[in-house]
Amino acid sequence: MSSQQTRWFLVTAVAALVLAAWTGVLMRFGMVYGFPSWAQNFGAMRHAHSHLMYFGWVTLALMALIWADLPRLTGRQLPRGVAVQMMFTAMMALLSFPAFWINGYGLTTVGAARLPLGSMAATLNGLTWFVFMALYVRATRRLAVRPPSVQLWDWALALLALASTGAIGLIWMVATNAREPLFQQIFLHLFLDLFAVGWFTLALLGVLWAQLNVQQSRLPIFSLALLLTPTFLLGVSPGLLPTSLFWVAAIANAGAALLLGVHAMQLWRRRNELPTLTWLTLGGLASVIGVAFLLLLPEVWQRFASGQMRVFYLHIFLLVWVSTALVGQLQDRLAPASSLIHRWVNPLWVGGVVVMVVGLLGLGLAPWLGTPMLWWLHVSAWGSLAAALAATLLLVALLSPAPARTALAAAMSPQ
Ligand code: HEM
């Protein structure tokens with residue numbers, strides 16, 4: 001894959017971030033001021049937002065970065081077919097947005113048929129990930145030395161494959177009309193949670209270590225992958241999960257957090273070689289680690305596992321840690337000297353993301369703080385607006401030629 005193609009896939013990922021972020025802003029302001037007549041199906045909108053973020057933003061960006069760094073780490077050319085796989089992955093990810101927007105995972109009437117458009121889009125996306133895995137195995141098989149990044153990506157793909165079996169389990173339950181709620185929840189969270197916690201975390205750490213060009217180290221990799229695997233059980237409703245499984249998941253989660261702490265400390269030591277936003281990225285990771293220890297208290301998990309605190313936790317993980325790291329990577333690789341990014345994108349992103357998650361935390365704690373929910377809804381809505389503006393300006397910066405970026409930044413600066 002040429003560097004020009006890598007650039008285009010990364011720009012497409014940012015375009016997905018922009019569309020999904022504005023959908024998030026619509027939901028946040030909708031919760032304060034009401035929804036417009038053309039956006040009444042909140043559940044479907046939420047699915048459109050989260051699936052485009054997962055498939056079009058994070059997954060596409062991670063795959064493009066892995067393909068970009070792999071030849072340097074392996075000393076081999078990429079196998080043929082990578083650009084075609086990336087094209088299909090990008091197309092299917094973008095297609096998931098209208099598919100989910102119409103009716104989420106429900107049935108939609110198309111002519112004489114009633115089709116589950118969301119599930120169909122998710123399945124097509126999954127097929128392109130299996131092609132990615134097959135190409136990756138070809139690109140890395142029988143390497144004499146596997147650098148830490150390659151090992152992290154090996155396990156990231158193993159957990160991506162394992163997460164996909166959750167989707168197969170869900171389809172099996174529908175096909176056999178099985179109605180066991182515990183299994184339904186286990187398959188659902190195996191798919192959704194392991195996808196994020198397994199694939200995103202390990203693949204992203206691999207990208208960060210690849211940027212630092214680490215060839216050998218004693219970083220925990222296999223043990224981290226192993227401990228991350230059962231943590232998806234913490235997503236299952238507290239009323240359904242047997243206590244023994246809770247303890248397996250909570251202890252594994254705390255162990256994984258300790259090992260993530262080792263990665264975070266090593267990355268912090270080398271922060272000067274990483275993008276400017278690294279302090280926020282690692283701040284997000286530190287919060288994820290802190291939450292893992294709080295979840296060792298069963299009451300905390302039972303009280304906060306669902307509802308607003310879950311939304312808060314998801315955005316600490318997905319927005320502050322994963323997305324900020326990716327935004328930093330993209331800037332560094334595609335427009336390192338852009339004054340538009342340094343003057344506008346970064347302050348707006350940092351301010352927006354921090355205000356939004358503070359608002360979400362306030363929402364989750366409002367019943368205990370005794371503050372009106374509406375205050376916090378306002379805070380998270382205005383924070384989300386700044387974050388979406390930052391993403392949009394990042395896209396503008398990546399699409400403009402360098403001189404235009406400088407002129408735009410100058411025009412936006414106060415005289
Ligand atoms: C500008 C940034 C973002 C905004 C404004 C935003 C907004 C929202 C809103 C309003 C919800 C629904 C909350 C509720 O039901 O109470 C939501 C849910 C969610 N968001 Fe975001 N979000 C943002 C970034 C992200 C990112 C970067 C990701 C993933 C990479 C993400 C993944 C999710 C997921 C998985 C859910 C839960 C979906 C579900 O339960 O069906 N969000 N977001």
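# A quick tour of the model

Arg 142 is exposed, with 4 other C-beta atoms within 10 Å. That residue is a handy way into this structure, which is a predicted model. The protein has 14 helices and two strands. Its radius of gyration is 21 Å, close to the 22 Å that the globule rule gives for 415 residues, so the protein is as compact as a globular protein of that length.

**The whole protein**

- Picture a box of roughly 60 × 55 × 50 Å, taken along the principal axes: that is what the C-alpha atoms fill.
- Buried residues account for 47% of the 415 residues.

- Most residues other than glycine have a negative phi.
- Arg 142 isn't a glycine, yet its phi is positive, at about 50°.
- You'll find Arg 142 in the loop between helix H4 (117-140) and helix H5 (148-176).
- Asn 213 isn't a glycine either, and its phi is positive too, at about 55°.
- Asn 213 sits in the loop between helix H6 (181-211) and helix H7 (222-228).
- Is Asn 213 buried or exposed? It counts as exposed, because it has 12 other C-beta atoms within 10 Å and the cut-off for exposed is 12 or fewer.

**Helices H2 and H3 side by side**

- Two packed helices are described by the angle between their axes and the distance between the axes.
- Helix H2 covers residues 42-74 and helix H3 covers residues 82-103; they pack at an angle of about 170°, with their axes 7 Å apart.
- H2 and H3 are therefore roughly antiparallel to each other, since an angle over 145 degrees counts that way.
- The contact of H2 with H3 has 18 nonpolar and seven polar residues, and no charged ones.

**Around the ligand**

- There are 22 residues around the ligand, and the ones that come nearest are Gly 24, Met 27, Met 53, Leu 318 and Ser 384.
- Helix H1 (3-33), H2, helix H11 (308-334) and helix H13 (373-399) each supply at least two residues of this shell.
- Which helix gives the most to the shell? That's H2, with eight residues.
- Sorted by class, the shell has 13 nonpolar, seven polar and two charged residues.

- Tyr 313 lies in helix H11, and it counts as buried, with 21 C-beta neighbours inside 10 Å.
- Tyr 313 and Val 291 are 22 residues apart along the chain, and their C-alpha atoms are separated by 8.2 Å.
- Leu 319 is another residue found in helix H11.
- Why does Leu 319 count as buried? Because it has 23 other C-beta atoms within 10 Å, and the cut-off for buried is 20 or more.

- Val 396 is part of helix H13.
- With 18 other C-beta atoms within 10 Å, Val 396 is partly exposed.
- Along the chain, Val 396 and Leu 340 are 56 residues apart, while their C-alpha atoms are separated by 9.1 Å.
- Ala 286 belongs to helix H9 (residues 278-294).
- Ala 286 is also partly exposed, with 19 other C-beta atoms within 10 Å.
- How far apart in space are Ala 286 and Ala 337? They are 29 Å apart, C-alpha to C-alpha, and 51 residues apart in sequence.

Definitions and conventions
Residues numbered from 1 in each chain as written. Predicted model: local features only at pLDDT ≥ 70, side-chain atom pairs only at ≥ 80, totals over all residues. Axes fitted to C-alpha atoms, helices over the stretch in contact; angles between N-to-C directions. Helix = DSSP H or I, 4+ residues; strand = E, 2+ residues; numbered from the N terminus. Parallel < 35°, antiparallel > 145°, perpendicular 65-115°, else oblique. Nonpolar A, V, L, I, M, F, W, Y, C, P; charged D, E, K, R; others polar. Near = placed C-beta within 6 Å. Rg over C-alpha atoms; globule rule 2.2 N^0.38 Å.
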